[in-house]
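Have the viewer open as you read.

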Amino acid sequence: QVRIVESGGGSVQPGESLRLSCGASDYPGFSFSRLCMGWFRQAPGKKREAVAAIYTADGAEYYADSVKGRFAISQVSSTNMMYLQMNNLKIEDAGMYYCAVQGVPWSRRASCGLLRSFDNWGQGTQVTVSS
């Protein structure tokens, strides 16, 4: 069974930064180098939305328009970790952030950019942005 561990949420003021971490292991049938790993968020009363994703084989990054230029997703393969650096946070960035993981073969790596169809989810880490 896939193990997903998230951390790094917190409470900040607008304009400040946070870094979220996600560790993934034991994905059946796929090594860490063939994973699409993403972040999603959900604010109270709103639908869950995709934030960013990265394909671990080549480091290809994908972002929602609302976070482009402010957020950066990265990975450290040697430690099976993925990170989301969130800069210039806005009030509308607040919510529960979830790490999601999906095994994706190289031939289908473009699907990671669709930011959907993840079948393994973490428990979430809360991000609060308020003045």
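Arg-3 counts as exposed, at 53% relative accessibility (exposed is over 50%, buried under 20%, partly exposed in between, with a 1.4 Å probe and protein chains only). A quick note on the source: this is a predicted model, where local features need pLDDT of at least 70, side-chain atom pairs count only at pLDDT 80 or more, and totals for chains, interfaces and linings use all residues. Residues are numbered from 1 along each chain as its sequence is written, and side-chain values use heavy atoms, with hydrogens and water left out.

Arg-3 meets Asp-26 in a salt bridge, 3.4 Å from N to O (a side-chain nitrogen of Lys or Arg within 4 Å of a carboxyl oxygen of Asp or Glu). Asp-26 is partly exposed, at 49%.

Now for the buried charges. Asp-93 has a relative accessibility of 1% and counts as buried. The side chains of Asp-93 and Arg-41 form a salt bridge at 2.8 Å, N to O. Asp-93 sits in the loop between β8 and β9 and Arg-41 in strand β4, so this pair ties together parts 52 residues apart in sequence (strands are DSSP E runs of at least two residues, helices H or I runs of at least four, numbered from the N terminus). Asp-93 also bridges to Arg-70, with the closest N and O atoms 2.7 Å apart. Arg-70 is buried too, at 9%. Through shared partners, salt bridges join Arg-41, Glu-49, Arg-70 and Asp-93 into one network.
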